[in-house]
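Subject: Structure handover

Hi,

Please have a look at the model first and then read on.

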Amino acid sequence: MQGTVGELGEFGLIKELTARLQPTPAVELGPGDDAAVVRAPDGRVVATTDVLVEGRHFRRDWSTAYDVGRKSAAQNLADIAAMGAVPTAILLGLVAPADLPTTWATELMDGLRDECQVAGAAVVGGDVVRGDTITLAITALGDLQGRAPVVRSGAQAGDVVAVTGWLGWSAAGLTVLQRGFRSPRAFVEAHRRPEPPYHAGPAAAELGATAMIDVSDGLVADLGHVAKASGVDIDLRAADFDIPAQMADIGQAVGVDPLVWVLSGGEDHAIVATFPAAAQLPARWRVIGEVVRVAGPSRGGRVTVDGAPWDRVGGWDHFAE
């Protein structure tokens with residue numbers, strides 16, 4: 001498709017975008033009306049939202065529009081899964097310059113649609129508006145299917161900490177891109193298109209998870225949210241992390257301890273949860289630490305590694321200097 005979104009016009013663009021979508025059984029009414037209708041058999045709707053801005057969250061010289069679509073959907077759908085819910089729908093708010101190629105917008109929608117299909121969800125609507133910088137506002141919805149939500153505040157002393165999914169791959173890929181390279185491809189692709197283990201969230205709820213979160217800001221930082229909300233401390237064991245040989249090679253080449261990527265790198269959207277010590281966890285879950293009782297007057301919130309503070313926490317504050 002040739003031309004720009006400005007030449008196509010608002011309603012022409014909407015027509016092109018919605019024509020690429022596919023419904024799911026949860027979608028009673030999709031795009032084309034004042035609002036969509038999504039079934040919620042549980043009677044409750046899990047909802048989350050993110051805003052992504054070009055230059056801050058993605059770069060067009062590093063990622064294709066399709067990559068951006070996959071990644072923006074993944075980070076929202078992972079939040080739904082981390083509540084123990086099944087993703088059902090996504091809504092897109094798109095701010096685009098008038099000179100944006102129409103193909104960029106349609107490929108973005110293809111990425112959103114395809115990532116939704118992986119999670120069993122659908123794009124059900126949204127809005128487009130003209131602006132100076134490409135900005136995506138993504139809202140994701142999910143269904144608990146009768147389960148209680150797994151929140152951050154349920155971890156108990158004596159619980160084990162377990163993770164499923166990749167850790168450190170996206171951060172390693174970002175480091176490679178920042179140095180002007182495009183390989184090893186597996187790590188670059190992990191940054192461009194994370195692969196959250198969506199089904200593991202609801203499965204963890206069934207296994208008795210007491211607290212859960214997806215790893216978006218880095219493992220130590222995100223577990224810090226769990227520890228603070230639960231009023232506990234968490235200790236991780238460095239020897240229990242799996243560091244692939246190729247990641248170690250990248251670290252040696254760039255002078256970075258790969259454990260830094262594993263513990264402080266974000267955007268892998270792995271799922272980490274706490275479970276009672278007696279829980280029988282499938283092989284896909286790797287136990288990496290334990291929840292410990294708070295000592296002294298502390299109210300909890302500390303995450304240590306082999307009993308010692310980790311001084312490279314990671315995380316992101318949009319309003320920090």
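The "binding site" annotation in the unreviewed UniProt entry covers D34, T48 and D79; UniProt positions are given in the numbering used here, feature names are shortened, and such annotations may be inferred rather than shown by experiment. The annotated residues spread over 46 residues of sequence and are also spread in space, up to 26.3 Å between C-alpha atoms. Of these residues, D34 is included in the lining of the second largest pocket.

Before going further, a word on conventions: this is a predicted model, in which local features need pLDDT of at least 70 and side-chain atom pairs count only at pLDDT 80 or more, while totals for chains, interfaces and linings use all residues. Residues are numbered from 1 along each chain as its sequence is written, and side-chain values use heavy atoms, with hydrogens and water left out.

**The annotated residues**

D34 sits in the loop between β1 (27–29) and β2 (37–38); helices (H or I, at least four residues) and strands (E, at least two) are DSSP runs, numbered from the N terminus. D34 counts as exposed because its relative accessibility is 81%, and D79 is partly exposed at 22% (buried is under 20% relative accessible area, exposed over 50%, partly exposed in between, with a 1.4 Å probe and protein chains only). D79 belongs to helix α3 (residues 65–81). Beyond its neighbours within four places in sequence, D79 is in contact (heavy atoms within 4.5 Å) with T48, D50 and D214.

**The second largest pocket**

This pocket has a volume of about 310 Å³, the volume being the space filled by probe spheres set on grid points that are joined across faces, edges and corners. A pocket here is an open set of points on a 1 Å grid over the protein atoms alone, where a 1.4 Å probe fits, with protein on both sides within 12 Å along at least five of seven lines; lining residues have an atom within 4 Å of a point. Among the 20 lining residues, I14, T18, P31, G125 and G126 are the closest to the pocket centre. α2 (10–18), β4 (86–96) and β5 (122–130) each supply at least two lining residues, and β5 gives the most, with 6. The lining divides into 12 nonpolar, 5 polar and 3 charged residues (Ala, Val, Leu, Ile, Met, Phe, Trp, Tyr, Cys and Pro count as nonpolar, Asp, Glu, Lys and Arg as charged, and the others, Gly among them, as polar).

Best wishes
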